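Please look at the sequence and the model shown here before reading on. The paragraphs that follow lead from the whole chain to its strands, and then to selected side chains.

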Amino acid sequence: MLALALLVSSCSKDNTQAVIPEGTTVRLNIGEAFAKTSPAKAASAGHTYASSTQTVEIPFDNQYTLVASLTAEEAPAPGLKASNRAVAISTGTDQKTLKQGTIYYVAIFDAAGEYKETKSFTQGNAAQDFAIEKGKYTFVIYASGSNKTLPSIAAGTKLNAVNFEGLTADQDFMLDQVAFEVKEGQNILNADLEHLFTQVTLKFDASAIGTVSSISGATIEPSNAAVDVNLADGTLAYKGNVSPVAFKLKNTSGTVINSDSTFIATASTTSGKISLSGVSIGGSVAKPISSGNWNLRPGGKY
C-alpha cells in the first residue's frame, strides 16, 4: 500500500488569561489553520474520491498493485477575530494553536491604512500583549512556520501596497489580517494564521505484503521557484521555474517509510505528481513509481 497520508494533531488554543497592568492593551491569541482542500466534483482520470481523500491504483509488478491515497486535512470554520475587555474568549473551532517557538509579527496600520510599526513575538514566551493608543487599526499578523527570515515593511508604506516578494515554499508563509477598534482597557485579538503554501507528508506502507527493501528518493510537483504575496488581501503571484521538490525521507527501508513535511508553492492544480525512485519491495528489482493527476490546492495540508 502506498499512501500519502496526513499527520493529524489536534489541540485547542490556549485561552488562559493572565492578569496584566491597567491601561489600553491588546492581548494576542494566535492559532494556525490550513486552507479548505475539498476536491473538485469531477474526479481526475483513474482517481476516485471519498470525502477529502483521493485514491488511485498503481500497478507495481505481476504480483502486486499499490493503492495510493492523498488525504486532505480539512480546515474548521473560522473563529472569532477580536474582542474588547479582559474576558476569556473561545474561538469555537478545533483549529490548532500556533506551534511553540514560532516567531510571528504584528504589523500595525491606522484607520487610513498608514503603516505605524511592526512588533514581534515568540509563541510560548510569556503573555503576548502590548500597549497601544485607542483607535481603529488594521493588524496584519504573519509568520514563517519554519522560522526563516522574512522581508520587512518599509516606513511610509500604505496597507494596500504591502508586498512580500520572492518568498519560497520552505518559508511556510502564514498570514491573517484583522480590522479592529481598540478601546480603553484590555482588548483580545484572536487570529488564525493561514498557511499559504501547500504541505505534503509521504507515508509508504508495505506492511500488507512485506517490507520495503530500499527506496532511493521521492519528489512532489509542481512547485514554483518563488511567490509574491500581497499582505493586504493574501493574493499570491507565482514566479520562476516550476520543478519537483524532494521529500526528506526519515528512513529508506522497513515496513513503513515516512517523510518529514514538505512544502510546495503551487496554484490550484489537478496535475499534481508524486514520484518515487529505486523502490524495492521484498527484494524485488528496484524500479521507479509515479502517479499523477492529483488535486492540490494552495494552503492545503495533505
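What share of the contacts in the protein chain with a separation of 6 or more comes from residues 24 or more positions apart? Such residues account for 70% of these contacts, where contact means heavy atoms within 4.5 Å. The model is a predicted one, in which local features need pLDDT of at least 70 and side-chain atom pairs count only at pLDDT 80 or more, while totals for chains, interfaces and linings use all residues. Residues are numbered from 1 along each chain as its sequence is written, and side-chain values use heavy atoms, with hydrogens and water left out.

The protein chain contains zero helices and 23 strands. The chain has 302 residues, of which 48% count as buried. Buried means under 20% relative accessible area, exposed means over 50%, and partly exposed lies in between (1.4 Å probe, protein chains only). The chain exposes about 13700 Å², and carbon and sulfur atoms supply 50% of this area. Accessible areas come from the Shrake-Rupley method with a 1.4 Å probe, and for residues only the protein chains shown count as cover.

Consider next how strands are joined. Two strands pair if DSSP finds at least two bridges between them. Strand E4 (residues 53–59) and E5 are antiparallel and share seven bridges; Glu57 has Val67 in E5 as its bridge partner. Five residues connect E4 to E5 in a hairpin. Strand E22 (residues 269–281) and strand E23 (residues 287–296) also run antiparallel, joined by six bridges. E22 and E23 form a hairpin with five residues between them, and Gly282 in the turn has a positive phi of about 60 degrees.

Six salt bridges are found in a search of the whole structure, each being a side-chain nitrogen of Lys or Arg within 4 Å of a carboxyl oxygen of Asp or Glu. One of them joins the side chains of Glu73 and Lys301, at 3.6 Å from N to O. This pair links distant parts of the chain, 228 residues apart: Glu73 is in the loop between strand E5 (65–71) and strand E6 (82–84), and Lys301 is in the segment after E23. Both Glu73 and Lys301 are buried.

Another salt bridge is formed by Glu114 and Lys158, whose closest N and O atoms are 3.3 Å apart. The two residues are 44 residues apart, with Glu114 in the loop between strand E8 (103–110) and strand E9 (115–122), and Lys158 in the loop between strand E11 (135–144) and strand E12 (163–167). Glu114 counts as partly exposed because its relative accessibility is 32%, and Lys158 is also partly exposed, at 31%.

The salt bridge of Lys250 with Asp260 has its closest N and O atoms 3.8 Å apart. Is Lys250 buried or exposed? Lys250 counts as exposed because its relative accessibility is 56%, whereas Asp260, at 27%, is partly exposed.

A pair of aromatic rings is described by the distance of the centres and the angle of the planes. Rings of Phe, Tyr and Trp (its six-membered ring) pair if their centres lie within 6.5 Å; planes under 30 degrees apart count as stacked, over 60 as edge-to-face and the rest as tilted. The whole structure holds nine aromatic pairs. The rings of Tyr104 and Phe121 have centres 5.6 Å apart and planes at 25 degrees, so this pair is stacked. Tyr104 lies in strand E8 and Phe121 in strand E9, 17 residues apart. Tyr104 is buried, with a relative accessible area of 0%, and Phe121 is buried at 13%. The rings of Tyr137 and Phe139 have centres 5.8 Å apart and planes at 35 degrees, so this pair is tilted. Both Tyr137 and Phe139 are buried. Together with Phe130, the residues Tyr104, Phe121, Tyr137 and Phe139 form one aromatic cluster.

Note on methods:
Helices (H or I, at least four residues) and strands (E, at least two) are DSSP runs, numbered from the N terminus.
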